[in-house]
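Morning, everyone. Let me take you through one model, helix by helix.

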Amino acid sequence: MSQPTSEAPSHWQIGLILMIGILAASTAAILIRLAIASADQRGVGFSLVLAASRLTIASIALLPTWRSIQRQPPSIAACRYAAAAGIALAIHFATWITSLSYTSIAASTTLVTTNPIWVALFSWLWLKEIPSRLTLIGIAIALSGGILISVGSDSSTVISSQPWLGNGLALIGAWAASAYFLLGREAQRQGLGIGHYATVAYTVAAIVLLPLPLLLGTSYSGYPALTYGYMVLMALLPQLVGHTSFNWAVRWVSPTLVTLVILFEPVVSSLLGYWVFGEIPGSTVLIGAGVMLLGVALAAINR
């Protein structure tokens, strides 16, 4: 599917697609936790199995798109940006999915959606785009919230006694996601339609992730059928519906605005976490999450 030449979608259409994307993406943390519980597995190896399986199933679903890519080859520059986005996506999932074995859903999903902060900082450091005073204030507020989340993530509120490790992994996942969105927008600006871009990026991410569990001695087989069912749902809902909706939106609106909308994801995920698992984060984590979301919103809105 090459990029259509029709007029840009209306604001309500963009808003509707983003809302659907948020609802779909918010199921990711829940499905990951359910897969971990059904397989009775935890740690880096199984997290990489989930990440690789999610991207592989999504890539298989997009296999028919490769025929149209061969008929209408995109530019080399577009392919390079899409491939780089795929590598960033692989890093994002490898770190963030692993983080859910060590910290709470609220802390993990809040930290991993701090993209607007890192987009602003990356632009400052590498593109020499000096942020405004309000952006800097927002960054400072968000970092304060991050400190509260880290301090408040004790073992009584999460499924592991290593919340600092989980929080750090979620933060790395946020850095990778920021690069993923920026590279994805550039790939589409270079002529890749959303179908072609998703196919290339998801496939590259799957190729990067597939051998990693095996290198750690973790198998792809031997898990209950329910675990594989959760893997399929991860590929269909948060990946194909959620991520593809966000990737489509950055073609028409600012990536900063899209990442601002994604701030609703930790809210919905936390509500689902309470409903499904009865997981209630500590008051310090909740306060920190609120402070961080406020800071990120200030930084993003100003940009």
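Predicted model: local features only at pLDDT ≥ 70, side-chain atom pairs only at ≥ 80, totals over all residues.

Residues are numbered from 1 along each chain as its sequence is written, and side-chain values use heavy atoms, with hydrogens and water left out.

Helix packing, then. Two packed helices are described by the angle between their axes and the distance between the axes. Helices here are DSSP runs of H or I with at least four residues, and strands are runs of E with at least two, numbered from the N terminus. Axes are lines fitted to C-alpha atoms, for helices over the stretch in contact, and angles run from 0 to 180 degrees between N-to-C directions. Under 35 degrees counts as roughly parallel, over 145 as roughly antiparallel, 65 to 115 as roughly perpendicular, and the rest as oblique.

Take H3, residues 44-61, and H5, residues 76-99. Their axes come within 8 Å and cross at roughly 135°. H3 and H5 are therefore oblique to each other. The crossing of H3 past H5 is right-handed. As for handedness, a crossing is left-handed if the near helix is turned anticlockwise from the far one by less than a right angle, and right-handed if clockwise.

Who meets whom? Contact means heavy atoms within 4.5 Å. H3 brings Val-44, Ser-47, Leu-48, Leu-50, Ala-51, Arg-54 and Leu-55. H5 answers with Leu-89, Phe-93, Ala-94, Trp-96, Ile-97 and Thr-98. By class, this contact of H3 with H5 has 10 nonpolar, 2 polar and 1 charged residues. The classes: Ala, Val, Leu, Ile, Met, Phe, Trp, Tyr, Cys and Pro are nonpolar, Asp, Glu, Lys and Arg are charged, and the others, Gly among them, are polar.

Stay on Ala-51 in helix H3. Buried or exposed? Ala-51 is buried, with a relative accessible area of 0%. The cut-offs: buried is under 20% relative accessible area, exposed is over 50%, and partly exposed is in between, with a 1.4 Å probe and protein chains only. Not counting residues up to four places away in sequence, Ala-51 touches Phe-93, Ala-94, Ile-97 and Leu-209.

Next, H5 against H9. These two pack at an angle of about 160°, with axes 7 Å apart. That makes H5 roughly antiparallel to H9. Their crossing is left-handed. The contact residues of H5 with H9 divide into 18 nonpolar, 7 polar and 1 charged.

His-92 is in helix H5. At 7% relative accessibility, His-92 counts as buried. Its contacts, leaving out residues up to four places away in sequence, are Val-112, Gly-173, Ala-176, Ala-177 and His-243.

The crossing of H9 and H10 is right-handed. Tyr-180, Gly-184, Ala-187 and Gln-188 of H9 meet Ile-194, Tyr-197 and Tyr-202 of H10. The tally for this contact of H9 with H10 is 5 nonpolar, 2 polar and no charged.

Now H6, residues 105-112. How many of its residues are buried? The count is 8 of the 8, so H6 is largely enclosed by the rest of the structure.

One of those buried H6 residues is Ile-105. Gly-273 of helix H14 is in contact with Ile-105, and also with Ile-30, Gly-278 and Glu-279, leaving aside neighbours within four places in sequence. Gly-273 is buried too, at 2% relative accessible area.

Two loop residues. Ile-280 sits between helix H14 (264-277) and helix H15 (283-302). At 55% relative accessibility, Ile-280 counts as exposed. Ile-280 and Ser-104 are 176 residues apart in sequence, yet 8.8 Å apart in space, C-alpha to C-alpha.

Asp-40 lies in the loop between helix H2 (28-39) and H3. Asp-40 is exposed, at 68%. Check its backbone: phi is positive, about 55°, although Asp-40 is not a glycine. Most residues other than glycine have a negative phi.

Last, aromatics. Rings of Phe, Tyr and Trp (its six-membered ring) pair if their centres lie within 6.5 Å; planes under 30 degrees apart count as stacked, over 60 as edge-to-face and the rest as tilted. By this rule there are 4 aromatic pairs. Phe-46, Tyr-223 and Tyr-228 form one aromatic cluster.
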